[in-house]
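Hi,

Here is the structure I promised to pass on to you. My notes on what turned up in it follow below.

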Amino acid sequence: MHHATSGGPGRLAGNGAVVARAPAKVNVHLGVGPLRPDGFHELQTVFLAVSLFDTVTVRPAEGLSLAVRGEGSAASNGPASVPADRRNLVWQAAELLARHAGVTADAHLEVDKSIPAAAGLAGGSADAAATLVALDALWGTRATRGDLARLGAQLGSDVPFSLLGGVALGTGRGEQLSPVLARRRWDWVLGIAGEGLSTPTVYAELDALRAAGSLPDGADLVSPEPVIAALRSGPTEALAAALDNDLQAPALRLRPELRRALQAATDAGAPAALVSGSGPTVAALAADEDDADRLAAELAGTGVFRDVRAVHGPVHGARLVG
């Protein structure tokens, strides 16, 4: 893992611009404990960073400004679900780093999105992580990776993992990370089904199902160990058998059509499929790269998904490019 301080001015991409990119994540295991007094749930999750990246370009400017292109932007066909103002995590990341470093928040931020929004893939967290890395370089704040991770945790529970990448066990709200060494590549097909699902809505549904006795209360979490052991060395069947997500049942209740999406993946020969995070993305495990390409083509043909991507992991967390 790369824990060197970024230090000093970043690699500049002409006209003083700095470029960073950060990956999407899949939760290959997600255990949700009972509701805590602070309104959060205790989590045990295993994150896998996959090869679907958002890119953030930062340039010197007076004050803060933000432009969003690609998936979920105002210019994309479909509802603009990604705000280009203070409500965006990227803007909040810039203000937070500036306060931490004692510098003025002066920068123009451009986000190029490939990660679908509100899809349970942590695209917003990836954008925030890439912003922290890029602005640290632009402003020469010399923040350590530890500093950035602590700032990231204030922005959202998934931001520290977007910075770290690879594979990690997340506890607390998911922000306390223990890296896991995976010795092999894993291929997946991500099928994005329907409109976005809001994470708080899915958690609220989980709480309601548990309160009604329809689901166990979450006091006994399934161990993440089988998933971690399988990710380290395989075989594919071991990981397929261990995949687990406590948010899948509430996501299916809110979006019954996700059941059809999961079925489509297993019908197409995926060794296993699960809802990623809070959905509505279905992550279908593939045997290898060729199998993922075949699976992606077959799933794209079913008409069940609005978008299908073949990806692999683990990949690096947020880092400078160029």
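**The sheet**

In β11, Val311 is the bridge partner of Trp188. This is a predicted model, in which local features need pLDDT of at least 70 and side-chain atom pairs count only at pLDDT 80 or more, while totals for chains, interfaces and linings use all residues. Residues are numbered from 1 along each chain as its sequence is written, and side-chain values use heavy atoms, with hydrogens and water left out.

Strand β7 (residues 186-192) and β11 run antiparallel and are joined by seven bridges. Both belong to an open sheet of four strands, ordered β9-β10-β7-β11 with antiparallel pairing. Here two strands pair if DSSP finds at least two bridges between them, and the elements are DSSP runs numbered from the N terminus (helices: H or I, at least four residues; strands: E, at least two). The edge strands, each pairing on one side only, are β9 (272-275) and β11 (307-313). From one strand to the next, the twist averages 25° (angles run from 0 to 180 degrees between N-to-C directions, and axes are lines fitted to C-alpha atoms, for helices over the stretch in contact). Helix α10 (residues 289-300) packs on this sheet and touches β7, β10 (281-286) and β11, with its direction at about 10° to that of β7; contact means heavy atoms within 4.5 Å.

**Helices around α2**

The axes of helix α1 (residues 89-101) and α2 cross at roughly 35° and come within 8 Å. The α1 side of the contact includes Leu89, Val90 and Leu97, and the α2 side includes Ala128, Leu132 and Trp139. By class, this contact of α1 with α2 has ten nonpolar, three polar and two charged residues (Ala, Val, Leu, Ile, Met, Phe, Trp, Tyr, Cys and Pro count as nonpolar, Asp, Glu, Lys and Arg as charged, and the others, Gly among them, as polar).

α2 also packs with helix α3 (residues 145-155), at an angle of about 145° and with the axes 10 Å apart. Ala128, Leu132 and Val133 of α2 meet Arg145, Leu148, Gly152 and Leu155 of α3.

**The largest pocket**

The largest pocket has a volume of about 1100 Å³. A pocket is an open set of points on a 1 Å grid over the protein atoms alone, where a 1.4 Å probe fits, with protein on both sides within 12 Å along at least five of seven lines; lining residues have an atom within 4 Å of a point. The volume is the space filled by probe spheres set on the points, which are joined across faces, edges and corners. Of the 41 lining residues, Ser125, Asp158, Thr199, Pro200 and Ser278 are the closest to the centre. The lining divides into 18 nonpolar, 17 polar and six charged residues.

Best wishes
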